[in-house]
Amino acid sequence: MISLRKLSKQFAEKILFQNANFQVGMNDKIGLIGANGSGKTTIFSLILGEQSADSGWIEKNKNMVIGCLEQEIVENLTHSLMEEIVSSCPHINRIKEHIDFLQEEIAQEKDSDKIHRYAQKLGEYQAEFESRGGYNLEYQAKRILFGLGFQETDGNRRLEEFSGGWRRRLCLAKLLLREPDLLLLDEPTNHLDLESLIWLEDFLQTYQGAVIIISHDRTFLNNVVTRVVEIDQKTLNLYTGNYDDFVKQKRSRQEILEASYKNQQKKIETTQRFIERFRYKSTKARQVQSRVKSLEKMEKIHLEQYSSRFSITIPPPPRSGKIVLQIKKVSKRYGQRVVYDNLDFVLHRGDRIALVGPNGAGKSTLLKIMAGVLPIDGGEMVLGYNVFRAYFAQHQLEILNPQYTVLEEVDPYFGPDSEISPRAYLGAFLFRGDDVFKKVDILSGGEKSRLVLAKMIMEKPNLLLLDEPTNHLDIASRDCLQEALTQYSGAICMISHDRVFINHLANKIISIKDGHIETFLGNYDDYFYQMEKQQQALMISSPTEPAGKERKSKNRQQKRFEAEKRNLKYRRLNPLLQESEKVQAELNAVMKKMDHLKKLFIDPVYYQQPEFPRKLAEYKELEEKNEELTNRWTDLEEQIEAAEQKFNDEDL
């Protein structure tokens with residue numbers, strides 16, 4: 001479908017990649033990974049034609065449609081949500097306009113011949129409209145919007161009422177609805193809560209086109225991609241499988257490379273000793289010259305330089321009281337919207353809590369209340385004995401001095417008696433070598449995040465409040481932060497959609513919904529397992545209705561469970577349904593051609609026309625095609641019916 005051949009690209013003195021090659025086939029799910037600044041987004045720009053390569057070329061199917069999330073913008077903020085997403089399929093909307101126009105013409109026309117011609121054309125447009133999913137467009141739009149976290153009541157809201165994060169979700173929804181042949185997704189999980197992220201995984205797994213994803217979310221890559229392309233050492237390296245498979249294969253490659261390197265070094269050393277020993281002996285001149293030439297021709301193996309893992313000790317913070325923080329009967333509202341009412345919550349020493357829940361549920365609000373940066377409308381928030389807190393959010397990158405170097409930012413935290421040097425400490429956060437002399441104003445977003453986190457930890461807080469600390473961090477940086485926080489002995493309360501990060505650090509999960517919190521012991525996998533058990537228990541529980549808030553809570557859980565069941569049913573049936581629709585569209589087109597030929601054959605004079613034998617042969621081919629498609633459609637309908645019955649039986 002698309003091939004990158006011998007591509008090279010550099011900016012100024014920095015070479016991103018040389019002689020890079022890889023191919024994308026239909027239905028490929030590819031993860032494009034590499035350190036920040038390695039050239040991942042540049043690959044997207046080259047595919048889209050926004051930039052040109054220094055050398056090499058890209059071969060594309062000329063009819064291929066490419067969709068890229070980074071290109072998406074929302075221009076008219078006066079549109080409603082549904083108006084905007086439906087308008088993202090102009091090809092379908094144009095067909096609908098033709099259909100409406102022809103229907104009006106037929107209603108007004110008196111000439112029977114013209115009505116007949118209009119009706120034929122109308123049938124063609126209707127068949128195309130159906131084959132392109134036009135009749136199903138609004139349903140698909142709602143399915144995608146709801147999957148990404150929008151509510152039923154959002155459909156008529158104007159876009160100006162939505163935040164930037166929700167507009168980015170809309171851009172993703174518009175792109176998914178268009179179903180391009182190749183999807184280019186640059187960090188699609190940013191701004192998504194965990195529920196929407198899991199829905200997107202399911203959607204992409206069954207997506208009928210090809211997908212290339214830039215993401216630093218390891219779980220997301222594991223669940224979606226079947227191939228990995230890594231930009232490393234100025235080359236594109238291809239691996240089969242998901243992210244975990246890539247890690248294993250890369251480790252194996254490295255081990256083989258190291259063994260080959262050692263063997264080659266031994267051979268070089270032996271050869272050089274022979275040359276030095278017999279260089280001046282005329283009887284060995286031929287052998288010496290032969291070995292010199294063999295060294296010159298030898299293709300040298302170069303070991304890739306990998307960053308060593310974090311291996312220093314974080315300075316321990318002072319010990320706090322048993323209760324680190326307590327929220328008592330807290331209320332918080334934004335205008336008429338009540339986020340919390342009489343909320344009670346206690347954070348203990350040793351707690352490592354991850355806040356989960358849909359966007360807008362109040363996760364960031366709760367974290368800001370704990371940090372003391374957001375006033376409350378009622379109740380109180382009490383810090384425990386000897387508690388020193390630090391709060392991280394993306395806007396806090398502004399606290400860095402743009403004129404300072406990385407080293408100057410952390411240097412004040414280190415005295416002559418410090419157990420480690422500032423450069424060694426910064427190395428743990430992947431600032432190595434001359435990186436420590438970089439000015440803050442030229443750092444990337446990920447580098448600034450790492451620097452702020454490094455400074456925060458050196459302030460020795462015993463309570464860390466972290467709002468999406470892994471955003472903008474590549475996988476190596478996430479691993480580094482994860483290792484640092486694993487050694488950290490204070491309490492942590494965090495928001496993150498990186499499930500690997502949560503699983504390594506959290507010992508409690510707090511689920512926030514509708515202003516209420518529910519605590520689950522363990523990490524994210526434990527929480528997910530407990531939620532599944534709750535849903536299963538809900539299915540087999542007695543039908544007696546609880547009263548009051550408990551009934552409302554169970555109704556919400558039941559609705560969510562039913563929605564998940566519908567999504568599961570859709571995922572199972574969707575390939576069959578789509579193929580059935582495709583076959584029906586082909587069948588309609590064949591039948592229309594047959595009807596057209598039948599009308600020609602009605603006139604006996606037509607039998608004398610020179611094209612008659614060819615048209616008769618065409619009609620016979622169409623008859624065979626009609627029978628073949630009819631059988632195929634019947635078989636698909638039986639499969640759909642059997643699959644639906646099986647799904648219903650599993651529910652019983």
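User: Which ring does the charged end of K332 sit over?

Analyst: This is a predicted model, so read every value as computed from predicted coordinates. The charged end of K332 sits over the ring of Y334, 5.2 Å from the ring centre.

User: Which residue lies over the face of F274?

Analyst: That residue is R291. R291 is placed 3.9 Å from the centre of the F274 ring.

User: Now ring against ring. How many aromatic pairs does a search of the whole structure find?

Analyst: The search gives 12 aromatic pairs. Take F274 and F278 as one of them. Their ring centres are 4.8 Å apart. Plane angles under 30 degrees count as stacked and those over 60 as edge-to-face. The F274 and F278 planes stand at 50 degrees, so this pair is tilted.

User: Where do F274 and F278 lie?

Analyst: Both are in helix α9, residues 243-278. They are four residues apart, about one turn of the helix.

User: Is F278 buried or exposed?

Analyst: The cut-off for buried is under 20% relative accessible area. F278 has 12% relative accessibility, so F278 counts as buried.

User: Which residues do ring pairs link into a cluster?

Analyst: The cluster consists of F520, Y524, Y527 and F528.

User: Let us turn to sheets. How do strands of a sheet pair?

Analyst: They pair through backbone hydrogen bonds, in a parallel or an antiparallel way. Here, an open sheet of three strands runs in the order β11-β10-β13. Its pairing is antiparallel.

User: Which are the edge strands?

Analyst: They are β11 (337-348) and β13 (378-383). Each of these pairs on one side only. From one strand to the next, the twist averages 15 degrees.

User: How many bridges join β10 to β13?

Analyst: Five bridges join them. Strand β10 covers residues 323-334, and β10 and β13 run antiparallel. For a residue-level check, find K328: it stands opposite E380 in β13.

User: Which helix packs on the sheet?

Analyst: Helix α11, residues 363-371, does. Helix α11 touches β10, β11 and β13. The direction of α11 makes about 125 degrees with that of β10.

User: Next, a single side chain. Where is the place of S477, and is S477 buried or exposed?

Analyst: S477 belongs to helix α15, residues 475-487. S477 has a relative accessible area of 2% and is buried.

User: Which side chains make polar contacts with the side chain of S477?

Analyst: One is the side chain of R450, at 3.0 Å. Another is the side chain of D474, at 2.8 Å.

User: Leaving aside neighbours within four places in sequence, which residues is S477 in contact with?

Analyst: S477 is in contact with L430 and R450.

User: L430 deserves a backbone check. What is its phi?

Analyst: Phi of L430 is positive, about 70 degrees, although L430 is not a glycine. L430 is found in the loop between α13 (422-428) and α14 (445-458). At 17% relative accessibility, L430 counts as buried.

User: What is phi of E468, and where does E468 lie?

Analyst: E468 also has a positive phi, near 50 degrees, and is a residue other than glycine. The loop that holds E468 is between β15 (463-467) and α15. E468 counts as buried, with 15% relative accessibility.

Definitions and conventions
Residues are numbered from 1 along each chain as its sequence is written. This is a predicted model: local features need pLDDT of at least 70, side-chain atom pairs count only at pLDDT 80 or more; totals for chains, interfaces and linings use all residues. Side-chain values use heavy atoms; hydrogens and water are left out. Rings of Phe, Tyr and Trp (its six-membered ring) pair if their centres lie within 6.5 Å; planes under 30 degrees apart count as stacked, over 60 as edge-to-face and the rest as tilted. Helices (H or I, at least four residues) and strands (E, at least two) are DSSP runs, numbered from the N terminus. Buried means under 20% relative accessible area, exposed over 50%, partly exposed in between (1.4 Å probe, protein chains only). A charge sits over a ring if NZ of Lys or CZ of Arg is within 6 Å of the ring centre and within 35 degrees of the ring normal. Two strands pair if DSSP finds at least two bridges between them. Axes are lines fitted to C-alpha atoms, for helices over the stretch in contact, and angles run from 0 to 180 degrees between N-to-C directions. Contact means heavy atoms within 4.5 Å. A polar contact is a pair of N or O atoms within 3.5 Å; within protein, one must be able to donate a hydrogen and the other to accept it, and residues adjacent in sequence count only if both atoms are side-chain atoms.
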